[in-house]
Amino acid sequence: MNEPHKVASAFAPASVGNVAIGFDILGFSVGAIGDRATVRMIPEPDVRVKAIRGVVADLPTEAAKNTAGRALQAMREALALPFGLELELDKGIPLASGLGGSAASAVAAVVAANAVLPQPCSKLELLKFAMQGEAVASGSLHVDNIAPSLYGGLVLTVGIDQPRVKQIPVPAAVRAVIVHPHMFLSTRQARAILKGSVEMKDFVWQTANLAGFISGCYTDDIDLLRESFEDVVIEPQRAALIPGFREVRRAAISAGALGCSISGAGPTLFAWCLESHALAVREAMVVEFSHHGLASDHWTTPIEALGARVID
Ligand code: HSE
(Lines give C-alpha, C1' and ligand atoms only; values in the text may rest on other atoms or scores of the structure.)
Protein backbone atom coordinates (compact mmCIF):
# COMPACT_ATOMS: atom_id res chain seq x y z
CA MET A 1 0.00 0.00 0.00
CA ASN A 2 1.42 3.38 -0.89
CA GLU A 3 -1.33 5.62 0.52
CA PRO A 4 -0.17 8.92 2.01
CA HIS A 5 -2.01 8.57 5.36
CA LYS A 6 -2.94 5.39 7.13
CA VAL A 7 -4.92 6.95 9.91
CA ALA A 8 -7.06 10.07 10.14
CA SER A 9 -9.58 11.63 12.52
CA ALA A 10 -12.58 13.77 11.65
CA PHE A 11 -15.16 15.79 13.56
CA ALA A 12 -18.78 15.99 12.44
CA PRO A 13 -21.21 18.43 14.06
CA ALA A 14 -24.62 17.66 15.54
CA SER A 15 -27.62 18.87 13.56
CA VAL A 16 -31.25 19.88 13.84
CA GLY A 17 -33.37 18.00 11.31
CA ASN A 18 -36.64 19.19 9.73
CA VAL A 19 -36.25 22.81 11.01
CA ALA A 20 -40.03 22.72 11.62
CA ILE A 21 -41.20 22.96 8.03
CA GLY A 22 -38.80 20.82 6.02
CA PHE A 23 -39.53 17.26 7.14
CA ASP A 24 -36.67 15.00 6.02
CA ILE A 25 -35.21 17.60 3.63
CA LEU A 26 -34.01 20.59 5.69
CA GLY A 27 -31.53 20.72 8.57
CA PHE A 28 -28.85 22.89 10.14
CA SER A 29 -25.55 22.02 11.80
CA VAL A 30 -24.80 22.69 15.47
CA GLY A 31 -21.04 22.95 15.75
CA ALA A 32 -21.02 23.27 19.55
CA ILE A 33 -21.21 19.48 19.86
CA GLY A 34 -20.37 16.59 17.59
CA ASP A 35 -18.83 13.16 17.15
CA ARG A 36 -15.25 12.31 16.30
CA ALA A 37 -14.15 9.28 14.30
CA THR A 38 -10.66 7.88 13.85
CA VAL A 39 -10.22 5.55 10.89
CA ARG A 40 -7.18 3.40 10.29
CA MET A 41 -6.33 1.38 7.23
CA ILE A 42 -5.92 -2.33 8.03
CA PRO A 43 -4.80 -5.21 5.79
CA GLU A 44 -7.85 -7.39 6.58
CA PRO A 45 -10.55 -6.69 3.95
CA ASP A 46 -13.17 -5.79 6.52
CA VAL A 47 -14.68 -2.97 8.59
CA ARG A 48 -14.00 -3.27 12.31
CA VAL A 49 -15.35 -1.14 15.13
CA LYS A 50 -12.51 -1.12 17.63
CA ALA A 51 -13.81 1.25 20.31
CA ILE A 52 -16.74 3.52 21.15
CA ARG A 53 -16.17 6.13 23.86
CA GLY A 54 -17.71 9.33 25.13
CA VAL A 55 -21.28 10.21 26.12
CA VAL A 56 -22.64 7.02 24.51
CA ALA A 57 -20.64 3.81 24.77
CA ASP A 58 -23.11 0.93 24.52
CA LEU A 59 -23.65 1.05 20.76
CA PRO A 60 -23.31 -2.03 18.54
CA THR A 61 -19.74 -2.88 17.61
CA GLU A 62 -20.82 -5.18 14.79
CA ALA A 63 -20.04 -3.03 11.76
CA ALA A 64 -23.28 -3.78 9.89
CA LYS A 65 -25.34 -2.66 12.89
CA ASN A 66 -23.35 0.45 13.70
CA THR A 67 -24.23 3.60 11.74
CA ALA A 68 -20.60 4.58 11.22
CA GLY A 69 -19.53 0.99 10.54
CA ARG A 70 -22.29 0.55 7.98
CA ALA A 71 -21.30 3.79 6.24
CA LEU A 72 -17.72 2.53 5.96
CA GLN A 73 -18.95 -0.81 4.61
CA ALA A 74 -20.95 1.07 1.96
CA MET A 75 -17.80 2.99 1.06
CA ARG A 76 -15.64 -0.16 0.87
CA GLU A 77 -18.20 -1.95 -1.29
CA ALA A 78 -18.77 0.95 -3.70
CA LEU A 79 -15.04 1.63 -4.16
CA ALA A 80 -13.99 -2.05 -4.05
CA LEU A 81 -11.22 -1.13 -1.63
CA PRO A 82 -8.52 -3.79 -1.37
CA PHE A 83 -7.87 -2.95 2.32
CA GLY A 84 -10.03 -2.78 5.43
CA LEU A 85 -10.93 0.06 7.79
CA GLU A 86 -10.81 0.10 11.55
CA LEU A 87 -12.92 2.65 13.38
CA GLU A 88 -12.82 4.33 16.77
CA LEU A 89 -15.68 6.61 17.73
CA ASP A 90 -15.74 9.36 20.33
CA LYS A 91 -19.37 10.29 20.87
CA GLY A 92 -20.14 13.85 21.88
CA ILE A 93 -23.84 13.75 20.95
CA PRO A 94 -26.27 12.14 23.40
CA LEU A 95 -28.14 9.02 22.28
CA ALA A 96 -31.71 9.37 20.99
CA SER A 97 -31.62 13.13 21.58
CA GLY A 98 -32.84 14.34 18.19
CA LEU A 99 -29.50 16.02 17.53
CA GLY A 100 -28.38 13.82 14.68
CA GLY A 101 -25.95 11.64 16.61
CA SER A 102 -26.18 8.64 14.29
CA ALA A 103 -25.72 10.90 11.26
CA ALA A 104 -22.70 12.65 12.78
CA SER A 105 -21.00 9.31 13.54
CA ALA A 106 -21.55 8.15 9.96
CA VAL A 107 -20.36 11.47 8.53
CA ALA A 108 -17.27 11.65 10.76
CA ALA A 109 -16.37 8.08 9.77
CA VAL A 110 -16.60 8.64 6.00
CA VAL A 111 -14.75 11.98 6.20
CA ALA A 112 -11.93 10.37 8.22
CA ALA A 113 -11.83 7.37 5.88
CA ASN A 114 -11.73 9.69 2.87
CA ALA A 115 -8.50 11.16 4.21
CA VAL A 116 -6.81 7.74 4.11
CA LEU A 117 -8.00 6.83 0.60
CA PRO A 118 -5.48 7.02 -2.24
CA GLN A 119 -8.12 8.81 -4.33
CA PRO A 120 -10.53 10.85 -2.21
CA CYS A 121 -14.26 10.87 -2.99
CA SER A 122 -16.44 13.90 -3.62
CA LYS A 123 -18.68 15.23 -0.85
CA LEU A 124 -21.71 13.93 -2.71
CA GLU A 125 -20.29 10.40 -2.70
CA LEU A 126 -19.54 10.70 1.01
CA LEU A 127 -23.14 11.82 1.55
CA LYS A 128 -24.44 8.67 -0.11
CA PHE A 129 -22.21 6.39 1.97
CA ALA A 130 -23.22 8.15 5.19
CA MET A 131 -26.89 7.83 4.24
CA GLN A 132 -26.52 4.04 4.27
CA GLY A 133 -25.26 4.30 7.84
CA GLU A 134 -28.10 6.57 8.94
CA ALA A 135 -30.61 4.04 7.61
CA VAL A 136 -29.36 1.51 10.19
CA ALA A 137 -30.41 3.82 13.01
CA SER A 138 -33.73 5.15 11.80
CA GLY A 139 -34.88 2.41 9.43
CA SER A 140 -35.22 4.85 6.55
CA LEU A 141 -33.10 6.84 4.14
CA HIS A 142 -33.31 10.50 5.05
CA VAL A 143 -30.73 13.21 4.66
CA ASP A 144 -31.77 16.12 6.84
CA ASN A 145 -29.12 15.33 9.47
CA ILE A 146 -26.44 13.83 7.22
CA ALA A 147 -26.31 16.75 4.77
CA PRO A 148 -25.93 19.61 7.30
CA SER A 149 -23.44 17.60 9.36
CA LEU A 150 -21.33 17.04 6.23
CA TYR A 151 -21.72 20.42 4.51
CA GLY A 152 -22.46 22.78 7.46
CA GLY A 153 -25.03 25.53 7.95
CA LEU A 154 -28.67 25.38 6.88
CA VAL A 155 -28.90 22.75 4.17
CA LEU A 156 -31.72 21.71 1.84
CA THR A 157 -31.43 18.35 0.11
CA VAL A 158 -33.61 17.50 -2.87
CA GLY A 159 -33.71 13.87 -3.94
CA ILE A 160 -32.50 10.63 -2.39
CA ASP A 161 -30.91 8.60 -5.21
CA GLN A 162 -29.32 11.65 -6.81
CA PRO A 163 -29.38 14.17 -3.97
CA ARG A 164 -28.94 17.85 -4.75
CA VAL A 165 -27.57 19.73 -1.80
CA LYS A 166 -28.06 23.47 -1.32
CA GLN A 167 -26.55 25.51 1.50
CA ILE A 168 -29.04 28.25 2.32
CA PRO A 169 -27.90 31.58 3.77
CA VAL A 170 -29.28 32.42 7.22
CA PRO A 171 -29.74 36.06 8.27
CA ALA A 172 -26.68 37.03 10.33
CA ALA A 173 -28.78 38.28 13.26
CA VAL A 174 -30.36 34.86 13.82
CA ARG A 175 -29.27 32.61 16.68
CA ALA A 176 -30.35 29.05 17.30
CA VAL A 177 -31.21 28.02 20.85
CA ILE A 178 -31.08 24.26 21.39
CA VAL A 179 -32.51 22.71 24.55
CA HIS A 180 -32.05 19.01 25.19
CA PRO A 181 -34.25 17.61 27.96
CA HIS A 182 -32.79 14.57 29.68
CA MET A 183 -34.90 11.82 28.19
CA PHE A 184 -34.60 9.37 25.27
CA LEU A 185 -36.84 9.25 22.24
CA SER A 186 -36.18 6.74 19.52
CA THR A 187 -36.29 8.01 15.96
CA ARG A 188 -37.86 4.74 14.83
CA GLN A 189 -40.66 5.19 17.34
CA ALA A 190 -41.18 8.86 16.46
CA ARG A 191 -41.39 7.93 12.75
CA ALA A 192 -43.63 4.92 13.33
CA ILE A 193 -46.45 7.05 14.79
CA LEU A 194 -46.70 9.34 11.75
CA LYS A 195 -49.76 9.08 9.53
CA GLY A 196 -49.19 8.09 5.93
CA SER A 197 -51.29 10.88 4.43
CA VAL A 198 -51.70 14.64 4.74
CA GLU A 199 -54.90 16.66 4.45
CA MET A 200 -55.05 19.07 1.52
CA LYS A 201 -55.35 22.19 3.70
CA ASP A 202 -52.29 21.13 5.73
CA PHE A 203 -50.37 20.39 2.54
CA VAL A 204 -51.07 23.91 1.26
CA TRP A 205 -50.16 25.54 4.56
CA GLN A 206 -46.96 23.54 5.00
CA THR A 207 -45.88 24.20 1.41
CA ALA A 208 -46.45 27.93 1.88
CA ASN A 209 -44.47 27.87 5.12
CA LEU A 210 -41.52 26.04 3.58
CA ALA A 211 -41.46 28.41 0.60
CA GLY A 212 -41.82 31.42 2.92
CA PHE A 213 -39.07 30.20 5.21
CA ILE A 214 -36.56 29.64 2.40
CA SER A 215 -37.47 32.98 0.79
CA GLY A 216 -37.10 34.70 4.17
CA CYS A 217 -33.62 33.25 4.54
CA TYR A 218 -32.50 34.41 1.10
CA THR A 219 -33.97 37.90 1.50
CA ASP A 220 -33.11 38.56 5.17
CA ASP A 221 -36.81 38.92 5.89
CA ILE A 222 -37.13 38.23 9.62
CA ASP A 223 -40.90 38.83 9.65
CA LEU A 224 -41.42 36.28 6.89
CA LEU A 225 -39.32 33.77 8.85
CA ARG A 226 -41.50 34.35 11.91
CA GLU A 227 -44.72 33.96 9.89
CA SER A 228 -43.54 30.78 8.16
CA PHE A 229 -42.06 29.05 11.20
CA GLU A 230 -44.86 26.58 11.83
CA ASP A 231 -45.05 22.86 11.17
CA VAL A 232 -48.71 21.93 10.77
CA VAL A 233 -48.06 18.33 9.66
CA ILE A 234 -45.46 16.50 11.76
CA GLU A 235 -45.21 18.49 14.99
CA PRO A 236 -48.86 18.04 16.05
CA GLN A 237 -48.45 14.27 15.72
CA ARG A 238 -45.26 14.14 17.78
CA ALA A 239 -46.07 16.76 20.41
CA ALA A 240 -47.40 14.20 22.90
CA LEU A 241 -44.07 12.32 22.89
CA ILE A 242 -42.31 15.23 24.63
CA PRO A 243 -43.54 16.21 28.12
CA GLY A 244 -44.35 19.93 28.20
CA PHE A 245 -43.76 20.44 24.49
CA ARG A 246 -46.60 22.95 23.94
CA GLU A 247 -45.73 24.93 27.07
CA VAL A 248 -42.01 25.08 26.24
CA ARG A 249 -42.83 26.22 22.72
CA ARG A 250 -45.25 28.87 23.99
CA ALA A 251 -42.66 30.09 26.51
CA ALA A 252 -40.03 30.43 23.77
CA ILE A 253 -42.36 32.44 21.53
CA SER A 254 -43.42 34.67 24.45
CA ALA A 255 -39.74 35.33 25.16
CA GLY A 256 -39.29 36.57 21.59
CA ALA A 257 -38.43 33.49 19.52
CA LEU A 258 -39.20 33.66 15.80
CA GLY A 259 -40.25 30.03 16.05
CA CYS A 260 -39.72 26.92 18.12
CA SER A 261 -40.15 23.28 17.18
CA ILE A 262 -38.86 19.74 17.62
CA SER A 263 -35.27 19.06 16.63
CA GLY A 264 -35.49 16.12 14.24
CA ALA A 265 -37.51 13.38 15.89
CA GLY A 266 -37.02 14.95 19.36
CA PRO A 267 -36.94 15.20 22.32
CA THR A 268 -34.58 18.18 21.86
CA LEU A 269 -36.38 21.41 20.97
CA PHE A 270 -34.85 24.31 19.10
CA ALA A 271 -35.80 27.94 18.61
CA TRP A 272 -34.57 30.60 16.24
CA CYS A 273 -34.41 34.15 17.58
CA LEU A 274 -32.54 37.40 17.22
CA GLU A 275 -29.34 37.58 19.26
CA SER A 276 -30.91 40.11 21.63
CA HIS A 277 -33.58 37.57 22.66
CA ALA A 278 -31.39 34.48 22.89
CA LEU A 279 -30.80 34.51 26.65
CA ALA A 280 -34.47 35.05 27.49
CA VAL A 281 -35.61 32.37 25.04
CA ARG A 282 -33.15 29.85 26.44
CA GLU A 283 -34.13 30.61 30.04
CA ALA A 284 -37.82 30.33 29.23
CA MET A 285 -37.38 26.93 27.60
CA VAL A 286 -35.14 25.49 30.32
CA VAL A 287 -37.45 26.70 33.10
CA GLU A 288 -40.55 25.35 31.37
CA PHE A 289 -38.96 21.92 30.91
CA SER A 290 -38.02 21.94 34.60
CA HIS A 291 -41.70 22.53 35.44
CA HIS A 292 -42.30 19.20 33.70
CA GLY A 293 -39.64 17.43 35.75
CA LEU A 294 -36.98 17.55 33.03
CA ALA A 295 -33.46 18.90 33.50
CA SER A 296 -31.83 19.98 30.25
CA ASP A 297 -28.61 20.92 28.49
CA HIS A 298 -28.61 23.91 26.19
CA TRP A 299 -26.55 25.59 23.49
CA THR A 300 -26.93 28.99 21.80
CA THR A 301 -25.18 29.41 18.48
CA PRO A 302 -25.11 31.26 15.19
CA ILE A 303 -25.81 29.00 12.22
CA GLU A 304 -22.37 28.63 10.71
CA ALA A 305 -21.64 26.95 7.40
CA LEU A 306 -18.95 24.76 8.90
CA GLY A 307 -19.46 21.06 8.37
CA ALA A 308 -17.45 17.93 9.06
CA ARG A 309 -13.68 18.20 8.79
CA VAL A 310 -10.47 16.26 9.22
CA ILE A 311 -8.83 17.21 12.49
CA ASP A 312 -5.70 15.04 12.55
N1 HSE B 1 -36.37 13.95 9.62
C2 HSE B 1 -36.18 12.90 10.58
C3 HSE B 1 -37.43 12.73 11.40
C4 HSE B 1 -35.03 13.25 11.46
O5 HSE B 1 -37.99 13.74 11.82
O6 HSE B 1 -37.85 11.60 11.62
C7 HSE B 1 -34.72 12.17 12.45
O8 HSE B 1 -33.37 12.04 12.61
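Start by colouring the protein by burial: 58% of its 312 residues are buried, meaning under 20% relative accessible area with a 1.4 Å probe, protein chains only. You're looking at a predicted model, where local features need pLDDT of at least 70, side-chain atom pairs count only at pLDDT 80 or more, and totals for chains, interfaces and linings use all residues. Residues are numbered from 1 along each chain as its sequence is written, and side-chain values use heavy atoms, with hydrogens and water left out.

Now switch to cartoon. You'll find ten helices and eleven strands, which are DSSP runs (H or I, at least four residues, for helices; E, at least two, for strands) numbered from the N terminus.

Next, pick out the charged side chains. There are 26 positive and 31 negative ones, with Lys and Arg counted as positive, Asp and Glu as negative, and His and the chain ends not counted. The centres of the two sets lie 4 Å apart, placing each charge at NZ of Lys, CZ of Arg, CG of Asp or CD of Glu.

Last stop: select Gly152, in the loop between helix 4 (146–151) and strand 5 (154–158). Is Gly152 buried or exposed? At 1% relative accessibility, Gly152 counts as buried.

Conventions
Buried means under 20% relative accessible area, exposed over 50%, partly exposed in between (1.4 Å probe, protein chains only).
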